[in-house]
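Thanks for coming, everyone. Let me put the structure up, and then we'll walk through it.

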Amino acid sequence: MPFVSKTAVAGPARLWLAMSGQLQLFEARDETQRWNVRVSRRARRLSVRVYPGGRVEVVVPLGASPLAIERFVGTHRQWIEERIVDLSAIPAVTNQGRPTSIDLPALGRKYLVEYRPNGDSRVRVTVTGEGWLVVSGRLDNEQRVAKALRTWLASLAQVELARELSQTAGRCGLEFRRVQVRRQRTRWGSCSVSGTISLNVCVLFQAPAVMRYLLIHELSHTRHMNHSRRFWSLVESFEPDYRRLDRELLRGWQQVPGWMFA
């Protein structure tokens, strides 16, 4: 399940922090730079997630010591800094205005967007022709417009990604139970033990080869619910160039337009 997160088993130690707070994990270049540390009663492992915009959250199980956290962060510091670089470009795109076009490389489609304000309180998104979208209604609220576009895209993704996943599964000789499409901020996809595959709607903004790699990755989890050597061997048998595509997918947040994060 490729996503911007790292985990490690936490060692036993005393309870040291309240249920949420901040901790300076190491000397930052900017003294105001602090990463959020969240203590979770449900967490069994130390984990760190890097969100679009470069925000870092370290999830800590009860009983983890500051020393264990510092060691964990130190071990994964290079990975964290690489992900911060990958995701720090997101704030720039979130400041963009409403889109005049929507490019979906994964599907080989591009839509031009026309805005038609009227007295309808509900914002509607309608496909009026090949490559044309019309957004109508009260358009004086940017968040409402962005939400309508996200809803339309989610509906499209549910149909198209389900079709792509079924075709890829057939070619690979793998099976899954069902597929769901969501707008996640840290995961590109996941696979449950019951065979349900979850895909991020934002994968539509990636190159076709990257989307195909994600589908292969999650389908391979129906055989191996881990990232063992056997899992990666299976992935490689379907996609020999998986290492490069995995790196592209990790950087893929930079391809997602700002209105998807509004």
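Confidence first. In the protein chain, strand β2, residues 20-23, scores lowest, with a mean pLDDT of 38. Helix α5, residues 208-220, scores highest, at 97. pLDDT is the predictor's confidence in each residue, from 0 to 100. Helices (H or I, at least four residues) and strands (E, at least two) are DSSP runs, numbered from the N terminus. Over residues 8-33 the pLDDT is below 50. Where pLDDT is low, the predicted coordinates should not be read in detail. The chain average is 83, and 82% of the residues score at least 70.

Some ground rules. This is a predicted model: local features need pLDDT of at least 70, side-chain atom pairs count only at 80 or more, and totals for chains, interfaces and linings use all residues. Residues are numbered from 1 along each chain as its sequence is written, and side-chain values use heavy atoms, leaving out hydrogens and water.

Now helix α6, residues 229-238. Phe231, Leu234 and Val235 are buried there (under 20% relative accessible area; exposed is over 50%, partly exposed in between, with a 1.4 Å probe, protein chains only). Seen down the axis of α6, they fall within an arc of 100 degrees, so they line one face of the helix. That arc is taken from the directions from the helix axis to the C-beta atoms. Turned away from that buried side are the exposed Arg229, Arg230 and Ser237.

What do the buried residues of α6 pack against? They pack against α5 and α7, residues 242-250.

Last, histidine 224. It sits in the loop between α5 and α6. At 16% relative accessibility, histidine 224 counts as buried. Not counting residues up to four places away in sequence, histidine 224 touches Arg230, Phe231 and Leu234; contact means heavy atoms within 4.5 Å.
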